Structures are given as structure tokens and as C-alpha cells.
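Have the structure open while you read.

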Amino acid sequence: MSNLARISISVEEKLLEKFDDYVEKSGFPTRSEAMKNIMREAIIRDEWMKGEFVAGNISLVYDHHKPGIVEKLLHSQHDFCDEIQCSQHIHLDHSNCMEIIVLRGKGERIREILKRLHQIKGLKHIVLTMGTLEKQNF
Ligand code: NI
């Protein structure tokens, strides 16, 4: 904790009120913890946009009864063997499946995977979570 730096920022009162609300609702113990999380998110988003090596996951939900959907999902994923580290399939109920695909690679390539998956009709839900390889320890 000895390498902590202190900063002071000026913001409009209304913005600070809303931010304090957010901090409390989100469960952060302090404003500083919430700010650090937001700063890391901004840095990670920037890494993704610059096409650096990143890590993340895609979570999707679909009805496996939809004709061809399983084959399309598998076919798309096999075109990205280098980036897809592993995937997990969870049978949610009689019809619905959840798949979590863990990814590592260049940001632009991972965005290509997301684009390919977006093209598959019948997916109920698809979300990308951006992470970092944390080359710099921040
Ligand atoms: Ni299933």
C-alpha cells in the first residue's frame, strides 16, 4: 500500500451525489474503490480497442431445439481455435442451454468472434465480458 498516490478531482455536485448513490448501491466500501474499478475498466476497454492481447468471455443462451443452431455455434467456434481457450455448456432446463466461451487473443479478433456469433439467428442472449491479461499490474 506504500505506492498509493492521492488525487483530487472537481466534479459537479449533482454528479457526485449520483456517484455516491452508485457507490452505495454497488457495494463498494469507498469512493476510491469504485473509482479504481472504473479506471481499470476504462484501461481494459482501451486495450481492446487498440487490438492488444486481451482475455475475456462470451456468455450466450439459446434453445437447442432451434434447427441448426448447435451446428452453427460449433462451426463458428472452430474457426477461432487459437482464441477460444475453452467453453462450458450448462443445460438450464428442458430447452435452454447456456454456453460460456473463454477467450484470449487480440481484441479485434475476439470482436470478430462476437460478430460471427451475432449472425446466428435464434440466440436469446449474448454478452461479452472484457478482461485483461494484466501485463501491467494495475
Ligand atoms: Ni444444453
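Ile7, Ile9, Val11 and Leu15 make up a nonpolar patch on the surface, and together they show about 410 Å² of accessible area. A patch here takes residues with over 30% relative accessible area and no salt bridge, joining like charges within 9 Å and nonpolar side chains (Val, Leu, Ile, Met, Phe, Trp, Tyr) within 5 Å. The areas come from the Shrake-Rupley method with a 1.4 Å probe, and for residues only the protein chains shown count as cover. Ile7 sits in the segment before helix 1 (13–26), and it's exposed at 68% relative accessible area. For that label, exposed is over 50%, buried is under 20%, and partly exposed is in between (1.4 Å probe, protein chains only). Helices (H or I, at least four residues) and strands (E, at least two) are DSSP runs, numbered from the N terminus.

A word on the ground rules: this is a predicted model, where local features need pLDDT of at least 70 and side-chain atom pairs count only at pLDDT 80 or more, while totals for chains, interfaces and linings use all residues. Residues are numbered from 1 along each chain as its sequence is written, and side-chain values use heavy atoms, with hydrogens and water left out.

Now for the inside. The largest nonpolar core has 19 residues, and Ile58, Leu60 and Leu117 touch the most other members. Such a core is a set of buried Ala, Val, Leu, Ile, Met, Phe, Trp, Tyr and Cys residues joined through side-chain atoms within 4.5 Å. At least two residues of this core come from each of helix 2 (31–49), strand 1 (53–63), helix 3 (69–78), strand 3 (96–106) and helix 4 (107–118). Leaving aside residues up to four places away in sequence, Leu117 has contacts that include Ile58, Leu60, Leu73 and Ile101; contact means heavy atoms within 4.5 Å.

Which residues hold the nickel ion's protein donors? They are His89 (NE2), His91 (ND1) and Cys97 (SG), at 2.1 to 2.4 Å from the ion. Donors are N, O and S atoms within 2.8 Å of the metal (3.2 Å for Na, K and Ca), and water is not among the atoms, so sites may look incomplete. Along the chain the donor residues follow the spacing H-x1-H-x5-C. His91 is exposed at 62% relative accessible area, whereas Cys97 is buried at 3%.

On to the charged pairs. The structure holds eight salt bridges, each being a side-chain nitrogen of Lys or Arg within 4 Å of a carboxyl oxygen of Asp or Glu. Three of them are tabulated here.

| Salt bridge | N to O distance |
|---|---|
| Arg31 and Asp20 | 2.7 Å |
| Arg116 and Asp79 | 2.8 Å |
| Arg109 and Glu83 | 3.0 Å |

Arg109 is in helix 4 and Glu83 in the loop between helix 3 and strand 2, so this pair ties together parts 26 residues apart in sequence. Arg109 is partly exposed at 28% relative accessibility, while Glu83 is buried at 10%. As for Arg31, its relative accessibility of 43% makes it partly exposed, and Asp20 is also partly exposed, at 28%. Elsewhere, Asp46, Lys50 and Glu52 are linked in a network of salt bridges.
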